[in-house]
Amino acid sequence: MTDNFDQLLTFVLGSESNGVALNSVQEIRHYEAPTKLVSVPAALLGVIHLRDVKVPVLDLRAHFGMGTSPVTSASVIIVFLVDGRNVGILVDAVSDVVDVGPEQQRSVPEMVKLVDTLSLQCIAATELGMVLMLNHRRLIQKSCILSAQSDCAEPLQLEAA
């Protein structure tokens, strides 16, 4: 593989294919019920323990206004390292790892940009069909889980990984 290609980990939310840069993924874990927290955004399911580190878990469906994620045997938590902290997102299922070259990446149409300008990086045409490429760092920051942004209520404070 050359430097002109990105590898994407593709996953499913409802009937939509999404992807994140594979090199941003720390690990993929089978779903385990997070420990619930009080007074947090509804999309924050709680925390799981990963090698003695508390990892907040974001329900990606809830974050995008798609309702809560039904937990099935295919449900997984994708763990990322963001700003020195581990953060997980709950997705319906992992699909595949695909190579995406620059010629397959399309800019986000203006109408879509109105929906979520931070989380959606581009749209990729792959052998799986159209895949929404998410920017995991901006997605996590927008969710306010680890953010110190002034437009967030009170960010969740956890120890660094």
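How many residues lie between β10 and β11 in the hairpin that they form?

Analyst: Let's start with some ground rules. This is a predicted model, in which local features need pLDDT of at least 70 and side-chain atom pairs count only at pLDDT 80 or more, while totals for chains, interfaces and linings use all residues. Residues are numbered from 1 along each chain as its sequence is written, and side-chain values use heavy atoms, with hydrogens and water left out.

Now your hairpin: β10 and β11 have two residues between them. Strands here are DSSP runs of E with at least two residues, numbered from the N terminus. β10 covers residues 120-126 and pairs with β11 in the antiparallel sense, over six bridges. Two strands count as paired if DSSP finds at least two bridges between them. One of the bridges puts T126 together with G129 in β11.

β11 (residues 129-134) also pairs with β2 (residues 16-21); these two run parallel and are joined by two bridges. There, N18 has L132 of β11 as its bridge partner.

Leaving aside neighbours within four places in sequence, T10 is in contact (heavy atoms within 4.5 Å) with several residues, including N18, G19, L128 and V131. T10 is buried, with a relative accessible area of 1%; the cut-off for buried is under 20% relative accessible area, using a 1.4 Å probe and protein chains only.

Next, have a look at the open sheet. Five strands form it in the order β3-β6-β7-β5-β4, with mixed pairing. At the edges you'll find β3 (25-30) and β4 (44-50), each pairing on one side only. On average, neighbouring strands of this sheet are turned by 30° against each other, direction ignored; the axes behind that angle are lines fitted to C-alpha atoms, and angles run from 0 to 180 degrees between N-to-C directions.

β4 runs antiparallel to β5, and six bridges join them. For example, H49 stands opposite K54 in β5. These two strands form a hairpin as well, with two residues between them, and R51 in the turn has a positive phi of about 50°.

β5 (residues 53-59) pairs with β7 (residues 85-91) too, this time in the parallel sense over three bridges. In that pairing, V57 stands opposite G88 in β7.

Conventions. Buried means under 20% relative accessible area, exposed over 50%, partly exposed in between (1.4 Å probe, protein chains only). Helices (H or I, at least four residues) and strands (E, at least two) are DSSP runs, numbered from the N terminus.
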